[in-house]
Amino acid sequence: MNFKNIQELVQMCETQGKRFSDIMLESEENNTGLSKEEIFEKMRKNYKVMEASLEKGLENTKTHSGLAGGDSKKLKTYIENKNTLGGERLLRAVNYALAVNECNAAMGIICAVPTAGSCGVVPGVLLAMQENLKKSEDEMVQALLCAGAVGYVIANNAVISGAAGGCQAEVGTASAMAAAACVELAGGTPDMCANALAIALKNMLGLTCDPLAGLVEVPCIKRNAAGAANAITAADMALAGIKSYVPADEVIDAMYRIGISMPIALRETALGGLADTETGKKWKRLLWTNYDDNSSEE
């Protein structure tokens, strides 16, 4: 019941009349020795963590560094004023993605999907979709399994860490996972799921990992917001019947090759990109000088 790539996953779904999430559940049962019920409940616990991290993030959470925090609260207020450019349904997902990642930056408990730095995208999108589509918790857990199938393929065929492949590997992967899950939630076909993840990942190819002062705050949090919007856009395109000209597995391979060819300065070292701007250097001096001073006093 194992699958190595997206093409195999789609073929298995079409042959057996199943969804990404069904195949993923059976694969986990085969690989872990746990029952489907046990796996489903473990995934439900993950979803509960996502809900809690959203609530924590929306509490105007501030980070210890002072670099970030409170933006999700501002966006929530903006949405409630009903005068948005992007529309409430889309911005709600963006808002939730911000909140979950702000919770992470403030040392809150999160579910890494697929990493801590990209932890806002999948929860942000799925929690918003649960509200928008009036889905049950069981349906949302099933959507997480769908997202997990995509993450499983990318992790085994490419990379999912910023240090290895840039932010495209983190937020890009998370966006692809969320896009496929959205399509499945909306009743789309496995082929549509594949096209959605391909479109989402293509849109983020080449995205660098260049955090200010080496912290997972700036620009990471706002990139989670962009990843959420990208996921929903890709899902809508796939549901409309739009296909990715480049198949999903080839997009994943391209992401891997782009990642390993990136200069080390653009792979989470905080040596290039935004981290190397005047503002980035200022925050590095401010935060790490204070840290060094406090360490020496101890």
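**Figure 1. Helix α10 and its length.** Helix α10 covers residues 190-202 in this predicted model, where helices (H or I, at least four residues) are DSSP runs numbered from the N terminus. Its end C-alpha atoms lie 18 Å apart, in agreement with the 18 Å that its 13 residues should span at 1.5 Å a residue, because the expected span is 1.5 Å times one less than the number of residues. Residues are numbered from 1 along each chain as its sequence is written, side-chain values use heavy atoms without hydrogens and water, and local features need pLDDT of at least 70. Side-chain atom pairs count only at pLDDT 80 or more, while totals for chains, interfaces and linings use all residues.

Figure 2. Of the 13 residues in α10, 10 are buried (under 20% relative accessible area, 1.4 Å probe, protein chains only). Among them are P190, C193, N195 and L201. The cover over these buried residues includes α1 (6-16), α2 (20-32), α7 (137-157), α9 (167-185), α11 (220-239) and α12 (248-261).

**Figure 3. The largest pocket.** This pocket holds about 370 Å³ of space. A pocket here is an open set of points on a 1 Å grid over the protein atoms alone, where a 1.4 Å probe fits, with protein on both sides within 12 Å along at least five of seven lines; lining residues have an atom within 4 Å of a point. The volume is the space filled by probe spheres set on the points, which are joined across faces, edges and corners. Of the 21 lining residues, M43, N46, V113, L144 and G148 lie nearest the centre. Two or more lining residues come from each of α2, α3 (36-57) and α7, and α7 gives the largest share, 6 residues.

**Figure 4. The second largest pocket.** Here the volume is about 270 Å³. Its lining has 15 residues, with Q7, D191, A194, P247 and A248 nearest the centre. Helices α1, α10 and α12 each give two or more residues to this lining.

**Figure 5. The nonpolar cores.** The largest nonpolar core has 80 residues, and I6, F20, V125 and L126 have the most contacts inside it. Such a core is a set of buried Ala, Val, Leu, Ile, Met, Phe, Trp, Tyr and Cys residues joined through side-chain atoms within 4.5 Å. Helix α9 gives the most to this core, with 13 residues. A second, separate core of 9 residues includes A68, I79, A105 and A225.

Key:
Buried < 20%, exposed > 50% of the residue type's maximum accessible area, 1.4 Å probe, protein only. Contact = heavy atoms within 4.5 Å.
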